[in-house]
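Student: I am new to this structure and would like a close look at a single part of it, the sheet. Please describe how its strands pair and what surrounds them.

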Amino acid sequence: MATCFYSCSLIPERPTSGSVLNKYSLLPNPRISITRRYATLVSSSSSSFRLRASVSSAATSTAVDGTISSTKPSKSLPYRVGHGFDLHRLEPGYPLIIGGIDIPHDRGCEAHSDDVLLHCVVDAILGGLGLPDIGQIFPDSDPKWKGAPSSVFIKEAVRLMHEAGYEIGNLDATLILQRPKLSPHKGVIKANLSELLGADPSVINLKAKTHEKVDSLGENRSIAAHTVVLLMRK
């Protein structure tokens, strides 16, 4: 920003009389006035910035202190977006449950309730609401949740969603596993997920990808899922 300084002050070098001196010496020097106003503006802006930074810092410290004072979003928005991710190890001799459906396979997750898709969807809903992850909301150290089927977590997440005044706008999920092929099972998985969420099947999308035989996913030693959900205010 360019600042123009005017140096045409009518202050004579050698006043001829006391009256002339008094007359012109009381006039403000434009150079000094502009400089003082600029310094005041900078000082005011700096103070405002420090105040905003202090408030922001306080809000952050409150948010990350680990205390969950409320399960409701801190701010009401017309739309909220959440993302969920989960990965589970596969072991021989266990059932493979995806979206609440038993998928025929020679490997599965160690715990019968360990449903990678449902856990991922729960995390996406909680994230959209601005809440902590599934492990904090439903800790396995609490007898109420320990060993509970994944469908229970979904229903509780949906209850929290409705309590906050939201509903599912749409949901997009991607499963990553090398085997088995999920094409024959997508329809029933989608139907069951829609029922658990209380959402129309048209707003639920399910995709499946291999991992090109790379790392534990590609070697059929694990299964993963990503979910993005749009929550809309009712």
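This is a predicted model: local features need pLDDT of at least 70, side-chain atom pairs count only at pLDDT 80 or more; totals for chains, interfaces and linings use all residues.

**The sheet and its surroundings**

Tutor: In strand β7, Leu230 is the bridge partner of Val81. Strand β1 covers residues 79-92 and strand β7 covers residues 222-233, and the two pair in the antiparallel sense over eleven bridges.

Strand β7 also pairs with strand β5, residues 166-176, in the antiparallel sense, here over ten bridges. Two residue pairs can be looked up along this pairing. Ile168 stands opposite Leu231 of β7, and Leu175 stands opposite Ala225 of β7.

Put together, the sheet has five strands in the order β4-β1-β7-β5-β6. The sheet is open, and its pairing is mixed. The edges are taken by β4 (107-109) and β6 (204-209); each has a single partner strand, so one side of each has no neighbour in the sheet. On average, neighbouring strands of this sheet are turned by 25° against each other, with direction ignored.

Helix α5, residues 150-163, lies across β5 and β7 and runs at about 145° to β5.

The loop between α6 and β6 holds Pro201. Pro201 is partly exposed, with a relative accessible area of 40%. Leaving aside residues up to four places away in sequence, Pro201 touches Lys190 and Ser194. The C-alpha atoms of Pro201 and Ala191 are separated by 6.4 Å, although the two residues are ten apart along the chain.

In soluble globular proteins, nonpolar side chains tend to be buried together. The largest nonpolar core here has 47 residues, and Ile98, Leu117, Leu129, Leu175 and Leu197 touch the most other members. Helix α3, residues 116-128, gives the largest share of this core, nine residues. Leu175, the residue opposite Ala225 in β7, is also among the contacts of Ile98. Apart from residues up to four places away in sequence, Ile98 touches Ile103, Asp115, Leu117, Leu175, Leu177, Leu182, Ile189 and Ile223.

Cys109 has a relative accessible area of 2%, under the 20% cut-off, so Cys109 counts as buried. Cys120 is buried as well, with a relative accessible area of 0%. A search of the whole structure finds zero disulfides.

Last, the setting of the sheet in the chain. The protein chain has seven helices and seven strands, and along the sequence they follow the pattern α-α-β-β-β-β-α-α-α-β-α-β-α-β. Of its 234 residues, 33% count as buried. The accessible surface of the chain comes to about 14,200 Å², and 56% of that belongs to carbon and sulfur atoms. Among contacts with a separation of 6 or more, 73% are between residues 24 or more positions apart.

Conventions
Residues are numbered from 1 along each chain as its sequence is written. Side-chain values use heavy atoms; hydrogens and water are left out. A nonpolar core is a set of buried Ala, Val, Leu, Ile, Met, Phe, Trp, Tyr and Cys residues joined through side-chain atoms within 4.5 Å. Buried means under 20% relative accessible area, exposed over 50%, partly exposed in between (1.4 Å probe, protein chains only). Helices (H or I, at least four residues) and strands (E, at least two) are DSSP runs, numbered from the N terminus. Contact means heavy atoms within 4.5 Å. Accessible areas come from the Shrake-Rupley method with a 1.4 Å probe; for residues, only the protein chains shown count as cover. Two strands pair if DSSP finds at least two bridges between them. Axes are lines fitted to C-alpha atoms, for helices over the stretch in contact, and angles run from 0 to 180 degrees between N-to-C directions. A disulfide is a pair of cysteine sulfur atoms within 2.5 Å.
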